[in-house]
Amino acid sequence: MKIVGKIIGISELSVKVLLIDENVSLRDILECEFDDKTYEFEVVEINENIAKLIPFGRVNGLRKGLDVKLKEGGLQIEYSPKILGRVYNSYGEGIDGKNVASQQKKNVYERKLSLMEISIRNNPLWTGIKVIDFFAPLQKGYKMGLLGGAGVGKTVLIKEIINNVYKKFKSNAIFIGVGERSREGKELYDEMKADDLLDKMCMVFGQMGESPCSRSKAVYSGLTVAEYLRDEQKQDVLLFIDNIYRFVQAKSEISTELKRIPIENGYPTTMASDISEVEERINSTDIGSITSFQAIYIPADDITDDAVQAITTHLDGQIVLDRKVAEKGLYPAINVFKSSSKAIDPEKIGRRHYDLVQETLKYLSRYEELEEIIAVLGIDELSEEDKLIFYRSRKLRNYFTQPLFVSENYTGIKGEMVDIEDTLTDVEDILNGKYDDIDEEKLLFRGKLNGKQG
Amino acid sequence: MGTHIDELVNQKIEQIKNNENVFDSGTVIQVKDYIIEVAGLENVTYFEKVTIWEKGMGYVNQIKENSVTVAIVKEDAPIEIGDLVKTTGEQFKAVFARQALGRIVDIFGTDLLTGKVFDKIEYINIENDTIPIMDRREVNRPMLTGIAGIDLIYPIGKGQRQLIIGDKKTGKTQICLDTIVNQGAIIDNRANDVICIYIAVGKTKKEIKTIYNELLKRNAISYTMMVVATNDDKAPVVSLIPFVGLSIAEEFMKMKKDVIVVIDDLKKHADVYREISLVSDKTPGREAYPADIFYLHARLLEKGCQYKNGGSITILPIVETKGGDITDYISTNIISITDGQIVLSEKEFAKGNKPAINYKNSVSRLGGAVQKADIKKLGAEIRRTFLSYLETKEVYELANMDEMTPELRNKMKVGKQIQEALNQPKFRPLTNEEIIDKFKKLAKQEGNIDEN
């Protein structure tokens, strides 16, 4: 390795280097060895002969005047069948203790899709989760956002989708953990292992305890692996990202460190292009597809947040989790008014499903109005028609809760998957008054109803 | 480069170098509260401990081309321009002493009850690297608080991070003290090895003394270490203290001990960190907090885990809110890190419900996974019944009781009974058996929901 410069400045999240070599460019990886430790950095800014680097890890113990060397090939990750069953960190290093020789590696920034390559197909993909399949159905190749504030159940839902979709379709999957809990990452690994699904999956983690550099790289590394399966193995791949907001967050930490002028709420100036760069890579071609589920954290419960909005413009659909719904004990805590999908179109899901969605939304929005009236006047003051809407809506609301496989431990109820046809029939029946005489309580946390009276 | 000022500075550095030979030295060229800029110190390492001649001590928090920024942790006399600064050749470290159990210690390892340093000490990193993902194990052993509303409804496991959040005077610290005291009962029974660490982040001396006395009175101090930074300590000290406390916890965890860490509190910590960031000219972000405020708390709380060797660190961070709003920036940040939250509310407190837990907003992400089979089943049932009651209560508050269906009337009755049963005075811990006894009948009465 060649010496390319010397360290001239250090702060917690960045290092300044005086370059003596001109062949250093952005996104190059530099290395410094000192006191039996190897420190690695990525170049993020070059101004004449001064480069600014962000460290992979902590910089404690580093000092001025040390030599830095250039690492050939930049940031790379395995690009071969050997990725399956493996766990990597953001920098493409295996962290599962398995000793697997690398076959071939690839730079994580290289791939870009041309308009020509992109394919739009439309096979439906059912999750078996009633409220998603009904209000925000998705198709193969879709990008689905799962939005929610802190602690309303994003990760639980993404795990349920992994459980249902992945187990049902048996396709390979990539899980990218960005800025989330290490505990959950490890639990997912353990569960996959216990279910013998590990060899169909590859995981890349840059979790919340790690540096902003790590958290911002996990997405690129994970995407490269997903692209391998799509482009080289010609597969339909499932991609789970938990949580894409943390990617933007990491980028803003880096941007602040570089003293760049932020836009609103401290987000980096380059936010929109950063997001586009990764989102444009998550697409399908004629030979393979990537269907992605992206959890999106809503900071301070503010859905109008700039970063959240910038991400959702790239999506084909969104499922919004709402604290107000969670407070009522209704899980999954989905706000059906804010959730949507491009598949809600009679041409895609059929007239019956489409009409039922419209009708249900009509009921539920009237219900919201009625709730306010009741808070002042009480139920007895409602007209007979409104009373009917009120009670049926409460039943609909309860019906759309569901026992999930991944929260069996929490609820003590066995998880269930529901076929979309059953959901449609049940909703139709509730709207038509078939369950008018049943206690609303009995519709809570059930699978399909089957016309059963309770 | 090569301006006039640079030349002057370089000249100065030359002069200083010629004068000194043992350790690197420099002079103070700017003083900005507790952040000083020092010329010289050419070979200093990042986070190295430096001394300000006869006046204080600090650590290097930034190395620039021609100067070094130092955060002051101790100032015995006012630091002035021109003061001599020396390197020490070692990183700024925390102190670990087993004797500190039962005592109140500061960041320098001083026993604040005697003012002395412990005899047997060990220097440890203020902050260790993140515990690798693959070194963690599933969190599934119960950490019993003795509080029915927690152990039954929102249980906590060993290695879990459970936030305690609420307004002033809603009993946040009390829940943690109850938990610490309850460990004593468990230790006596089963000779278990639990260590508690209470970290005070910028509390008043009076508050700290009160907590010490409470623990002392209830024989809970022998297995508890209080790691404190008072509110008149230097801001860098207050911002480092939770890390120090957790480094100490990691030492115990590596000895296969179960450690419970209380951090009181993280809102204060966020504010101190914001202050330092702004004084250090970092760009402010949302609510003027720096962009890395999430990272700060994430890496701190990620130290809580069930470790592969059998030891564990359970963290109970406290966050103080205003006006009962748990959706502000810092609170939601921390909620998104922890494995659940116990929300305390002024309203419940005023209604006389103690502990004043708001059961609708509280959550445990691990739930039944950390409960034993018998209490798990009961807990799931009681929780479902009770939450459903709370929700229904709002809608049917104005409805006529007589016109309700019998099912609904029963639900309202049972719900109210559960609410009453959850009331529990402080320092009166219940065992799992006692909790099961108390709530069993309430689950039975309800009956007709689980038929299908």
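A:Ile10 stands opposite B:Ile63, a residue of strand E4 in chain B. Strands here are DSSP runs of E with at least two residues, helices are runs of H or I with at least four, and both are numbered from the N terminus.

The model is predicted, so local features need pLDDT of at least 70 and side-chain atom pairs 80 or more, while totals for chains, interfaces and linings use all residues. Residues are numbered from 1 along each chain as its sequence is written, and chains are lettered from A and ligands numbered from 1 in the order in which they are written.

Let us look at the contact between the chains. Chain A brings 57 residues and chain B brings 60, with contact meaning C-beta atoms, placed from the backbone, within 7 Å. On the side of chain A that touches chain B, strand E1 (2-11) and helices H3 (182-194), H5 (244-257) and H12 (408-411) each supply at least two residues. H3 of chain A gives the most, with six residues.

Now turn to the sheet in chain A. Eight strands form an open, mixed sheet in the order E8-E14-E13-E15-E16-E12-E17-E18. Strands E8 (87-89) and E18 (340-341) of chain A stand at the edges with a single partner strand each, so one side of each has no neighbour in the sheet. Within chain A, E13 (residues 173-178) and E14 (residues 201-206) pair in the parallel sense over six bridges, and A:Ile174 has A:Cys202 in E14 as its bridge partner.

Conventions
Pairing = 2+ DSSP bridges. Contact = placed C-beta atoms within 7 Å.
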